[in-house]
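Student: I have a structure open and would like to learn how to read it. Could you take me through some features one by one?

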Amino acid sequence: MRSENSRTILWSFLAATLTSVVYFAIAWTEDKAISKRENLQLLELADNFNKTYSSIRSDDMPVPATFRRMGIEHFNARTNKDANNSQTRVLWPGRPGLEINRTTDDPHLKQIIRDYVANPSAPALYEHRFEDNRLIGRTVVPSVANDKTCVSCHNKELKRAAFKLGDIMGIYVVERDMTELLLADAKYAGGLFFLAFTMTWLFATRERSRNFNIMQLKSRIEIQRMRVEVEEKEKFLLNHDPLTALPNRKLFHDYLNPAATGDNKQTLHAALIDLDDFKSVNDTMGHPAGDALLEEVARRLTLCMDNIDGLAARLGGDEFAIVWHSKELICEPDSLAQRILNEMAKPFEFENRSITPKCSIGLASWTDTQKGDPSELLKLADIALYVAKDHGKNIYQVYNQAIDATIRRQNEIAAHLTRSIREEDLRLVMQPQVSLHDGRFIGFEALSRWTINGYEIRPAEFIAIAESTGTIRELDLQVLRKAVNFSADLEKQTGLAVPISVNLSANSFRSGSLLEDIQTILWAGKLPADRLTLEITETAAIENWQHVQDILGKLRAAGVRASLDDFGTGYSSLAYLLRMKFDQIKIDREFIQDIKDGNENHILLQHISDMVAGLGMELVIEGVETQKQFELIKNSVKGGGQGYYFARPMELDAARTYLQETVRLKAV
Ligand code: C2E
Ligand code: MG
Ligand code: MG
């Protein structure tokens, strides 16, 4: 706005200056033309006067200069209405001693006369000068002897032949006071200047206010547009997820309710989709990668919804949901789930890294619901999802009655487990670990066993339940205490060092006192810290790696060893391997299950072994079951082995016997 104003002022000033300059130029040329005309008239008049005077006198008398002057003044008085106020004076300095017998003292005029004598055909001279603060315009006209009578008259007067025809006899000097004219011009020009300035100013002001109005209008329109956009965005965000632009939980429920109460609710299905190991993508590759993965998953889910009458939504985190009506076969839960898994199996690139999304899907159909409540459908899908996750990842599970039984069973187990842990009903078994190289005993892994009403429950099942019910920490510490005591007692009995490995769940790390608890147990059991190895699964370590590393770091400083369990099953194992500090890496059973000479797993295992050795860590291969596997591994890697091939997990007494046997064999 300021630059607009200064521009306006500049333009006004230029316009006004230009107007004045043009005005003055015109006035000046006009003035010049008028002076010239007047002078010509003056000369003509003087000549006429001379002639007339001479003819009247007819006695060859020259016209006295005084008469000429009178003639000019008469002419002047005639042309000026008010002769008294005439600003014109006629001076008649003649040639020195000539014309009127008077000399001029003005050296400037003397010079002009000399110039005219030198060049009689020179035109009249116009000049301006200041006299007592007044501008005087002066015209100097030569007086030429252009008449015989005039020449002879003058010669007579001079009493000698001084002139001939065409000689310069003197000059007329006509002066005019231009001050008033100048003032009038200045006033007039000032007026014009002011007018032009005012006009330009008004014009500029009008332009400016017009521009301002246009700007205001534009900004009002822009503000309105932005407001509408914001309102639309807010409206959109009320019902949509900002990251993926998929409908959010609220819109999903809004859709689900009428869908579940409509006429075709019998064809209604719901799917809950949960990304597998999403957290590790976030942790290892950063949040931008996690966000990109979520967006990609949303895009793929939308793709899967093509031709399907339903709605896909992001419920939050890595949880997505679909509700739809199936009228055709491709819309059946199995087909859709398979389609989603196929779509997810395609890798996608993020900053030159490849990510393959994996997800577990739980599905339920309206026909399964006992109640007419739409949220029941989601509950069933959630149960199915839980089972899918439990069975391993990247699979789908359709809800059925059997699942219901599973859940009921889990609930029952959960109820018993808490009590059993509190009453220390769980037993401990020990599985030996041996050196691959010479079969030497290198330690025991302590594993929990639980029998209820004569039934053995698999650790995978009860550990997961203990983790979800929060009793795992108590169990882990119990196992640790028993294992420490077992090791310390056995060492006392055999004189042999009995290293033991104990599993620690991720949940156990959530307790603030874990460090102190472990130190207390070691101290109470009087077991040297380096006899104890804590096994942390790869996924558990990743879940909260900084915290886990912090605690493990402190324990390692005290001498306790740390082992990364089930290595090779998580997402970005190698990245973690480099980032975290472990004493031992345990390769998961899955890894060597299908190992064959020269196959992919075999080559990879050799590389991992080299790398682990390079990082100064020990390697233990889990799940060695067969002679073939053993031999292949033995020839390829350095480290320890654990598996049914060497020994199954054994009760404590059996473990003691095993160790004593080992000692005996050694002694032999
Ligand atoms: P893990 O720590 O990887 O333990 C090794 C598992 O592999 C044990 O299963 C063991 O019995 C089994 N195993 C050993 N050799 C072989 C073999 O040659 N073939 C096959 N098929 N399996 C073999 P288990 O005892 O069922 O335990 C399963 C998992 O449960 C353990 O895996 C561990 O992660 C967890 N777990 C067991 N006890 C505890 C505990 O007290 N606390 C915690 N936090 N987790 C435990
Ligand atoms: Mg273990
Ligand atoms: Mg393991």
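Predicted model: local features only at pLDDT ≥ 70, side-chain atom pairs only at ≥ 80, totals over all residues.

Tutor: Residues are numbered from 1 along each chain as its sequence is written, chains are lettered from A and ligands numbered from 1 in the order in which they are written, and side-chain values use heavy atoms, with hydrogens and water left out.

Student: Okay! How many helices and strands are in the chain?

Tutor: Helices (H or I, at least four residues) and strands (E, at least two) are DSSP runs, numbered from the N terminus. Here you get 21 helices and 21 strands.

Student: And what percentage of the residues count as buried?

Tutor: Buried means under 20% relative accessible area, exposed means over 50%, and partly exposed is in between, using a 1.4 Å probe and protein chains only. In this chain of 668 residues, 43% count as buried.

Student: Which strands does E17 run parallel to?

Tutor: Two strands pair if DSSP finds at least two bridges between them. Strand E16 (residues 532–537) is joined to E17 by five bridges, and the two run parallel. On that side, threonine 533 stands opposite arginine 561 of E17. Strand E18 (residues 584–587) also runs parallel to E17, with three bridges; there, isoleucine 585 is the bridge partner of leucine 564.

Student: Why is E17 described as largely enclosed by the rest of the structure?

Tutor: Because six of the seven residues of E17 (residues 561–567) are buried.

Student: What does aspartate 565 bridge?

Tutor: Aspartate 565 bridges the magnesium ions that are ligand 3 and ligand 2, which lie 4.0 Å apart.

Student: Are aspartate 565 and aspartate 566 buried or partly exposed?

Tutor: Aspartate 565 is buried, because its relative accessible area is 4%. Aspartate 566 is partly exposed, with 24%.

Terms used: Donors = N, O, S within 2.8 Å, 3.2 Å for Na, K, Ca; no water.
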